[in-house]
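Please walk through this protein with me, from the whole chain down to a single residue.

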Amino acid sequence: MDNVQQTIISQYANSPTINALIEAWNQSIDPSSDIQNFYDLIWNVQTATGYGLDVWGRIVGVGRVLQVANTSYIGFAQQSPTVTTFGSGILYSGGATTGNYSLTDDAYRQLIMAKAAANITNGSITSINAILAILFSGRGACYVADSGNMTMTYVFEFVLTPVDVSVVVTSGILPRPAGVQISYRQTATGTTLDNDFYLDVSPMS
């Protein structure tokens with residue numbers, strides 16, 4: 001405790017032996033360092049690590065381990081962004097297509113913050129764009145576009161890594177308003193990647 005002397009009755013207040021014993025005990029059982037460690041490593045999501053982030057993940061409902069596609073297979077735009085085109089992928093053989101990938105603490109913290117925002121989102125374009133900004137800060141422009149007729153498109157103006165694809169498609173982080181069809185599109189400088197085959201490239205208009 002901070003003021004251990006206040007707990008000693010006046011009869012023994014001037015006893016050097018008793019004071020020394022009580023001071024030594026106080027230092028031995030002082031919980032302040034443990035309380036600070038608990039706050040830094042578990043309670044504060046901004047500084048939490050390891051087990052602390054795992055606790056936060058369970059609270060908001062997102063795990064550290066993602067299922068990441070190991071191989072790019074040939075497919076059509078309806079499956080984007082998880083497929084590729086001729087010359088870049090292989091035909092699907094029916095084998096296992098995913099593997100476990102454990103996020104680092106920094107990446108998992110971003111995922112937790114995004115999931116926390118998704119849990120309270122109102123489904124508006126503004127709020128969804130804010131979630132994208134949390135997930136892909138510093139990566140490039142990404143946003144959601146209203147495509148009309150109860151459809152919306154997540155647009156990424158940079159190349160998504162396999163882990164990014166897992167976050168976007170399978171993690172359940174990005175909101176999907178009820179009754180709205182979702183599609184995904186990647187763009188690069190001067191090109192669009194939303195043809196029949198996912199990575200077929202044609203000039204943007």
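What share of the contacts with a separation of 6 or more comes from residues 24 or more positions apart? The figure is 55%, where contact means heavy atoms within 4.5 Å. This is a predicted model, in which local features need pLDDT of at least 70 and side-chain atom pairs count only at pLDDT 80 or more, while totals for chains, interfaces and linings use all residues. Residues are numbered from 1 along each chain as its sequence is written, and side-chain values use heavy atoms, with hydrogens and water left out.

The protein has six helices and nine strands, taken as DSSP runs numbered from the N terminus (helices H or I, at least four residues; strands E, at least two). Of its 205 residues, 33% are buried, meaning under 20% relative accessible area with a 1.4 Å probe, protein chains only.

The largest nonpolar core holds 34 residues; such a core is a set of buried Ala, Val, Leu, Ile, Met, Phe, Trp, Tyr and Cys residues joined through side-chain atoms within 4.5 Å. Elements giving two or more residues to this core include α3 (51-60), β1 (65-69) and α5 (125-135). The most comes from α4, with five residues. Tyr 154 is among the residues with the most contacts inside the core. Beyond neighbours within four places in sequence, Tyr 154 is in contact with residues including Ile 128, Leu 132 and Ile 182.

Ser 171 sits in the loop between α6 (162-169) and β7 (181-188). Ser 171 counts as buried because its relative accessibility is 19%.

Key
Buried < 20%, exposed > 50% of the residue type's maximum accessible area, 1.4 Å probe, protein only.
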